[in-house]
Amino acid sequence: MRKCIATVSVSGTLGDKLDAIAAARFDAIEVFENDLMYFRGSPRDVARMAADRGLGIDLYQPFREFEGAGDEQFKRNLDRAERKFDVMEALGAPMLLVCSNVSPLAIDDDARAAAQLHELAERAARRNLRIGYEALAWGAHVNRYGHSWKIVREADHPHLGVILDSFHILSVGDDPAAIAQIPGDRIFFLQMADAPRLAMDVLQWSRHYRNFPGQGQLDLPRFLEHVLVAGYTGSLSLEIFNDVFREAPNRSTAIDAMRSLQWLEEQTRLRLLDAASDIPHPADVRARTVRRVELLDLPVAPVLTGVAFLEFAVDEAAEWLLANVLETLGFHRAGRHRSKNVTLYRQGSINLILNAEPASVAREYFAEHGASVCAVGLTTDDAVRAQSRAIALHCPRFDSRLGPNELRVPAIRAPNDSVVYFVPAELGSGALFESDFDLRDEAAPRAAGAGLTRIDHIATGLPVEELDTWILFYRAVLGMVPGESLELSDPFGLIRSSGVASGNRSVRAVLNVSQSQSTVTAKTVSLAGGASIHHVAFASSDMFETMAALVAKGAKFVMVSANYYDDLVARFALPEAQVARMREFGVLYERTGDGEYFHAYTERFADRFFFEIVQRVGGYDGYGALNAPARMASQLQPPAS
Ligand code: MG
Ligand code: MG
């Protein structure tokens, strides 16, 4: 589909916006009136700038307070419209967006509104322009698409149609099903916006919190399915009012925007091809729709089956510190890289690589971000397909500098420039490391581990403005599914924590952002110079046995207030003996339905990291988020003597 974006959706002056939009390979723009009004140049200059960048201008918007006017006001409105038509002709914009009247003076009379819109369309037709009528969710009398379509039908003019905006329809809980009944050629334009579900005034919600498809909680593929079944073949456009996007770097916002539309097209295509779709559109209608509209067919999202390895960028000092912590956690040194200063630590199926090689990508990463996780290996059903999908979705491809006989693993860059390797499942962790590492240490006698089996989740601290980018990255590129999103209190501010997981739950990630600059999360982000993994959770199948082994090895855990355990007894009616053991080791507890979660946090090291030991029991699907305040408060308090 032709991809379009409203200039209001990205930051910068008009020229900057067009550069960013063109670089992300959009086909066209909607010119938002304010962007033109404050631009030092004529509408013809804007037309030239757009054309120079290969961008069409599909829409000029908005034209307000038009229909339902008194007779005198209506005459003035027509004069006002003629001035806009002049601008549109200079811009080369073929369509004007008229939004439903929000004025308290607007007259509630559909026949009047229809007659006035007919007259406007007649004037537009003389200049070969078209009028799209959009129902705002807060329109004085017209605030539902069904109502705007009724008026457009009554107005009955070929140069008048409806504009549908997913936010205005889904935010108020209106059912989009009747869209499929509108003749497709009467839907003149389509604006797609997602949003987080917020309980607030819809106007404020719309003006400040919209985001790109896939970043929020509205079901946009389902919405688009209705629109396409109706027969719509026009532009797929984004009109996003978002306070964060207004200040974020416009190049990366525009890439997110494009990625969101690609994902939306793909998901809608899959819906239309899915015989088991929850919408009862007849099979032949869906098949015809897929033939009529070219919907992007991306390489299928990867099936992720685990975290094959994590790679830490370290220097010698950080390597020594981290190696010591890992040994107290029961990891053993399994081998050294054949040609580089890189060491592999292992326990269960967990592989941790400490990369201290000078003149390496890891060292560059270390120079920029300090000691941090610079790469994640994800076990994948088809590594090349996973990489192809990511590249199609504008992730930079990553090619490692390889030594002789080293294995090449398909890889891409994540939004923070760390590397994601797609590890073919058939390699297994044996073959993965055998070619690059000397694993003789593996055979040496050693102390038993502590029962850590696998990586349960990785948690990343992010600058607030990157949360939407990462959610979309996980969802679109890696095919993961957003889960719980919670607000947690740190002693010095609020943390928003969002979980994402692969469909089979074998790969899990948590994204944490802090509005306050004073929380530990915010300080970690600032120390890392951006998004960075701040903890890794290892799974055990026997929490208390593991904790006893870890404590014996000298692992240091965050001790939790006695008050927490007193409250736990009251909340969950747990056996005293069990709570006593939890108290002894600083184990936290959460329960939802039949699922239980036991977890404990190591003390922080290098001001950056900690590890978490977890055991999931039953169907527990979260991350112990409700206990995070206890952890954050405990981490800031000296141990009681
Ligand atoms: Mg709109
Ligand atoms: Mg965690």
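Me: Let's start with strands 14 and 15. How many bridges join them, and do they run parallel or antiparallel?
Reply: Strand 14 and strand 15 (residues 411-413) are joined by two bridges, and they run antiparallel. One thing to keep in mind is that this is a predicted model.

Me: Thanks! Which residue stands opposite Ala411 in strand 15?
Reply: That would be Phe398.

Me: New topic: metals. What coordinates the magnesium ion (ligand 1)?
Reply: Glu134 (OE), Asp165 (OD), Gln191 (OE1) and Glu239 (OE) do, at 2.1 to 2.2 Å. Along the sequence, these donor residues follow the spacing E-x30-D-x25-Q-x47-E. Asp165 belongs to strand 6 (residues 160-165) and Gln191 to strand 7 (residues 187-192), so this pair ties together parts that are 26 residues apart in sequence.

Me: Is Asp165 buried or exposed? And Gln191?
Reply: Asp165 is buried, because its relative accessible area is 1% and the cut-off for buried is under 20%. Gln191 is buried too, at 0% relative accessibility.

Me: What about the magnesium ion (ligand 2), which protein donors does it have?
Reply: His457 (NE2), His535 (NE2) and Glu612 (OE), at 2.1 to 2.2 Å from the ion. Their sequence spacing reads H-x77-H-x76-E. His457 sits in strand 18 (residues 452-462) and His535 in strand 22 (residues 532-540), so to speak a link between distant parts of the chain, 78 residues apart. His457 is buried at 2% relative accessibility, and His535 is buried at 4%.

Me: Last one: how do helix 10 and helix 16 pack?
Reply: Helix 10 (residues 250-273) and helix 16 (residues 467-477) meet at an angle of about 35°, and their axes are 10 Å apart. Their crossing is left-handed.

Me: Which residues meet there?
Reply: From helix 10, Asp256, Arg259, Ser260 and Trp263; from helix 16, Thr469, Leu472, Phe473, Arg475, Ala476 and Val477. The residues of this contact are five nonpolar, two polar and three charged.

Technical notes:
Residues numbered from 1 in each chain as written. Chains lettered and ligands numbered in written order. Predicted model: local features only at pLDDT ≥ 70, side-chain atom pairs only at ≥ 80, totals over all residues. Heavy atoms only, no water. Axes fitted to C-alpha atoms, helices over the stretch in contact; angles between N-to-C directions. Helix = DSSP H or I, 4+ residues; strand = E, 2+ residues; numbered from the N terminus. Left-handed = near helix turned anticlockwise from the far one by under 90°. Contact = heavy atoms within 4.5 Å. Nonpolar A, V, L, I, M, F, W, Y, C, P; charged D, E, K, R; others polar. Donors = N, O, S within 2.8 Å, 3.2 Å for Na, K, Ca; no water. Buried < 20%, exposed > 50% of the residue type's maximum accessible area, 1.4 Å probe, protein only. Pairing = 2+ DSSP bridges.
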